[in-house]
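Dear colleague,

I am passing on the structure we spoke about, with the sequence alongside. Please open it first, and then read the notes below with the model in view.

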Amino acid sequence: MAELRWLGVVRHGQSTGNVLAEAAEAEGLDVIDIPERDADVPLSDLGRDQAAAVNRWLLELPQDEQPDLAVVSPYLRTRQTAEIALAGTGVAVVQDERLRDRELGVLDLLTARGVEARLPGEAARRRRLGKFYYRPPGGESWADVLLRMRSLLRDVRDEHPGGRVLLVGHEAVVLLVRYLVEGLTESELLGIAHTTTMANGSISSWRADDGVLRPEWFNAVDHLDRHGAPPARQEDVNAEPV
C-alpha cells in the first residue's frame with residue numbers, strides 16, 4: 001500500500017459547546033446546558049478566529065506543500081472550521097462520517113461530577129476498564145472509534161497514494177490518528193492523553209521519510225499565537241479522566 005507524502009490533522013476551533021462545558025465544570029454542575037445536538041454545535045467567535053489563523057498558515061505554505069485534499073467530519077463545528085480554514089486555497093473537500101466525534105451514549109451532556117452523581121455504576125465501570133476500552137451504553141469506546149479511523153486511513157492511502165491529506169476533526173480523532181500512524185500501545189496513548197489537552201485549532205502532522213510517515217508536529221499552536229487567535233485548550237464535552 002502506497003504511503004501518503006504528508007498527513008495533517010486540525011482540531012476544530014473552539015465551539016460554543018466547549019465554552020458551555022468549561023463553565024459547567026467550573027460551576028460544579030451535573031449537566032451541560034447545550035441546546036443543540038452534538039452534530040449541530042457551532043464555532044464560537046474565538047473558534048472562527050482560530051480557523052482563520054489556520055487559513056493564514058495554509059496560505060503561507062509553498063505551493064508544493066499545500067494539501068491536495070481535506071477530509072472533514074460532518075459535524076457543524078468541523079465543517080465551519082474547514083470552510084474558514086480552506087477559503088482561497090483551492091483544496092478539494094470531502095466529508096466523511098467516520099471522522100465524527102466519539103459518541104457518548106448515556107454520558108452525553110454530563111460533567112465529570114454529573115457522571116459520578118447520576119451514574120455511579122458507569123463511573124466505576126469506566127475506572128475499571130480504562131479510557132481505551134470503556135464503552136458507555138449507547139456510545140463508543142476509543143477502540144470502537146479506532147475501527148472507523150483504520151478504515152478511513154486505509155481508504156485515504158489507497159485512493160490518494162503519495163498525496164498530501166488534511167483531516168479536520170475532533171480531539172479524540174487527533175489522538176487516535178497519532179496512535180495509528182505511530183503504532184503506539186494503549187499505555188503510550190493514555191500517557192499522551194493524560195499529559196496533553198488538545199488545543200482548539202491546533203495542527204498535528206506527519207511527513208513521509210523513506211516511505212514511512214514520521215512525526216512532524218503535535219498539537220502545534222504557533223500559528224494561533226502568530227495571528228492573534230489565542231489557543232483554547234478545552235476538552236470535548238464529557239472527556240473522561242484517564
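**What was found**

Asn-219 counts as buried, since its relative accessibility is 10%. This residue belongs to strand β6, and its phi is positive, about 55°, although it is not a glycine. Most residues other than glycine have a negative phi. Another such case is Asp-210, in the loop between β5 and β6, where phi is near 55°; Asp-210, however, counts as exposed, with a relative accessibility of 75%.

Please bear in mind that this is a predicted model. The mean pLDDT of the chain is 95, and 95% of its residues reach 70 or more. Over residues 237-242, however, the pLDDT is below 50, even though this stretch has 23 contacts in the model beyond near neighbours in sequence. Where pLDDT is low, the predicted coordinates should not be read in detail.

Because 11 of its 12 residues are buried, α7 is largely enclosed by the rest of the structure. The buried residues include Glu-171 and Arg-178 as well as Val-173, Leu-176 and Tyr-179. Among the elements that cover them are the strands β1, β4, β5 and β6, together with the helices α6 and α8. Just after α7, Gly-183 takes a positive phi of about 65°.

How do α7 and α8 cross, and at roughly what angle? Their axes come within 10 Å and cross at roughly 145°, and the crossing is right-handed. On the α7 side the residues in this contact are Leu-175, Leu-176, Arg-178 and Tyr-179, which meet Glu-186, Leu-189, Ile-192 and Ala-193 of α8. By class, the contact has 6 nonpolar and 2 charged residues, and no polar ones.

Lastly, Arg-98 may be worth a look in the viewer, in the loop between β3 and α4. Arg-98 is buried, with a relative accessible area of 16%, which is under the 20% cut-off. Leaving aside neighbours within four places in sequence, Arg-98 is in contact with Arg-148, Met-149, Ser-151, Leu-152 and Asp-155. Arg-98 and Glu-116, by contrast, are 18 residues apart in sequence and 30 Å apart in space, C-alpha to C-alpha.

With best wishes

Conventions
Residues numbered from 1 in each chain as written. Predicted model: local features only at pLDDT ≥ 70, side-chain atom pairs only at ≥ 80, totals over all residues. Heavy atoms only, no water. pLDDT = per-residue confidence, 0-100. Contact = heavy atoms within 4.5 Å. Buried < 20%, exposed > 50% of the residue type's maximum accessible area, 1.4 Å probe, protein only. Helix = DSSP H or I, 4+ residues; strand = E, 2+ residues; numbered from the N terminus. Axes fitted to C-alpha atoms, helices over the stretch in contact; angles between N-to-C directions. Left-handed = near helix turned anticlockwise from the far one by under 90°. Nonpolar A, V, L, I, M, F, W, Y, C, P; charged D, E, K, R; others polar.
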